[in-house]
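Q: I'm new to this one and would like to go through it slowly. Could you show it to me before I start asking things?

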Amino acid sequence: MVPYFTEACTWASANADTIDALLLLGHWNSDGDGCDSASPVPTIYQELAAIPECAPVQSKLRYFMGHKHCNMVTETDV
């Protein structure tokens, strides 16, 4: 998935002045619930943070995950 995330962040960084928020939408909140250890949304979010092309828009990136259906904040300001 890294090449796709890199492509998306390259585009977003080039258009950062017109973007208020970037949303990462996913389902799995932790491994062992149906995905492997590299696939929960918080892990993918951390992977995005490590991609240099994502650095200019890192402060605009937020994520949503829905496996537990609990409607709660799991990380403040993320």
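Q: Okay, where is the place of Ser59?
A: Ser59 sits in the loop between helix 2 and strand 2, where helices (H or I, at least four residues) and strands (E, at least two) are DSSP runs, numbered from the N terminus. This is a predicted model, in which local features need pLDDT of at least 70, side-chain atom pairs count only at pLDDT 80 or more, and totals for chains, interfaces and linings use all residues. Residues are numbered from 1 along each chain as its sequence is written, and side-chain values use heavy atoms, with hydrogens and water left out.

Q: And is Ser59 buried or exposed?
A: Ser59 counts as exposed because its relative accessibility is 57%; buried means under 20% relative accessible area, exposed over 50%, and partly exposed in between, with a 1.4 Å probe and protein chains only.

Q: What about Ala55, where does that lie?
A: Ala55 also lies in the loop between helix 2 and strand 2, and its relative accessible area of 53% makes it exposed. Ala55 and Phe5 are 50 residues apart in sequence, and their C-alpha atoms are 12 Å apart in space.

Q: Stepping back, how many helices and strands does the protein chain have?
A: There are two helices and two strands in the protein chain, and from the N terminus on they run α-β-α-β. The radius of gyration is 13 Å, close to the 12 Å that the globule rule gives for 78 residues, so the chain is as compact as a globular protein of that length. That radius is taken over C-alpha atoms, and the rule is 2.2 Å times the number of residues to the power 0.38.

Q: Which residues have the most contacts inside the largest nonpolar core?
A: They are Leu22, Leu24, Tyr45, Leu48, Leu61 and Tyr63, in a core of 16 residues. Such a core is a set of buried Ala, Val, Leu, Ile, Met, Phe, Trp, Tyr and Cys residues joined through side-chain atoms within 4.5 Å.

Q: Which elements supply at least two residues of this core each?
A: Helix 1 (2-14), strand 1 (22-26), helix 2 (41-50) and strand 2 (61-65) each do, and the largest share, four residues, comes from helix 2.

Q: What is Leu48 in contact with, leaving aside neighbours within four places in sequence?
A: Leu48 is in contact, meaning heavy atoms within 4.5 Å, with Phe5, Cys9, Leu24, Cys54, Gln58 and Leu61.

Q: Switching to strand 1, is Leu25 there buried or exposed?
A: Leu25, which lies in strand 1, counts as exposed because its relative accessibility is 64%.

Q: And where does His27 lie?
A: His27 lies in the loop between strand 1 and helix 2, and its relative accessible area of 37% makes it partly exposed. The C-alpha atoms of His27 and Gly66 are separated by 4.8 Å, although these residues are 39 apart along the chain.

Q: Last one: what share of the 78 residues of the protein chain counts as buried?
A: For the protein chain, 26% of its 78 residues count as buried, and its C-alpha trace spans about 35 × 25 × 15 Å along its principal axes.
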